[in-house]
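Morning, everyone. Here is the structure for today. Take a look first, then we will walk through it.

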Amino acid sequence: MIVSAHSKPDCSFSRAERLTSKIKIEELFKKGSSFRYKKIQIILLSQQLKQDRKVLISVPKKNHKTAVNRNRIKRIIREVYRKNKGDINAGDHGYLMAIIYQSHSIPNFIDLEGQLINLFKRLTI
């Protein structure tokens, strides 16, 4: 039996990758730099070498009143991030990132994926 030496890329989005600390969230929103592309805003803060990569996904209640719609949009964003996090040029740095969906419409997966991939390729940490 031949075992491949190639390691499989990490395509998960575990609890450890989620930004939940109130202190870190405040730091991100105070010190982070903001990028916007169409309906999506990304706030990014680079961290010290070899630290964790943490992501916050938000859909404002102001734009989407029902939890069903907010959860659907967040689910789509999580899946796109999970599949394409390798496109983020982080090198050996850790980062804090907030992905905020700003539109009033409910997106489909393909459109949102195209927008997020475009943003991820433009980011350099």
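Among contacts between residues at least 6 apart in sequence, what percentage join residues at least 24 apart? In this chain, 79%. Contact here means heavy atoms within 4.5 Å.

A word on the source. This is a predicted model, where local features need pLDDT of at least 70, side-chain atom pairs count only at pLDDT 80 or more, and totals for chains, interfaces and linings use all residues. Numbering starts from 1 along each chain as its sequence is written, and side-chain values use heavy atoms, with hydrogens and water left out.

Now the layout. The chain has 3 helices and 4 strands. Helices (H or I, at least four residues) and strands (E, at least two) are DSSP runs, numbered from the N terminus. The order is α-β-β-β-α-β-α.

Next, burial. Of the 125 residues, 36% are buried. Buried means under 20% relative accessible area, with a 1.4 Å probe and protein chains only. Look at strand β4, residues 93-101. There, 8 of the 9 residues are buried, so β4 is largely enclosed by the rest of the structure.

Strand β3, residues 53-58, runs parallel to β4, with 6 bridges between them. Strands pair if DSSP finds at least two bridges. One example: serine 58 has isoleucine 100 in β4 as its bridge partner.

Last, the aromatics. The whole structure holds 1 aromatic pair. The ring centres of tyrosine 81 and phenylalanine 120 are 6.1 Å apart and the planes meet at 80°, so the pair is edge-to-face. Rings of Phe, Tyr and Trp (its six-membered ring) pair with centres within 6.5 Å, and planes over 60 degrees apart count as edge-to-face. Tyrosine 81 sits in helix α2 and phenylalanine 120 in helix α3, 39 residues apart. Both are buried.

Technical notes
Rings of Phe, Tyr and Trp (its six-membered ring) pair if their centres lie within 6.5 Å; planes under 30 degrees apart count as stacked, over 60 as edge-to-face and the rest as tilted. Buried means under 20% relative accessible area, exposed over 50%, partly exposed in between (1.4 Å probe, protein chains only).
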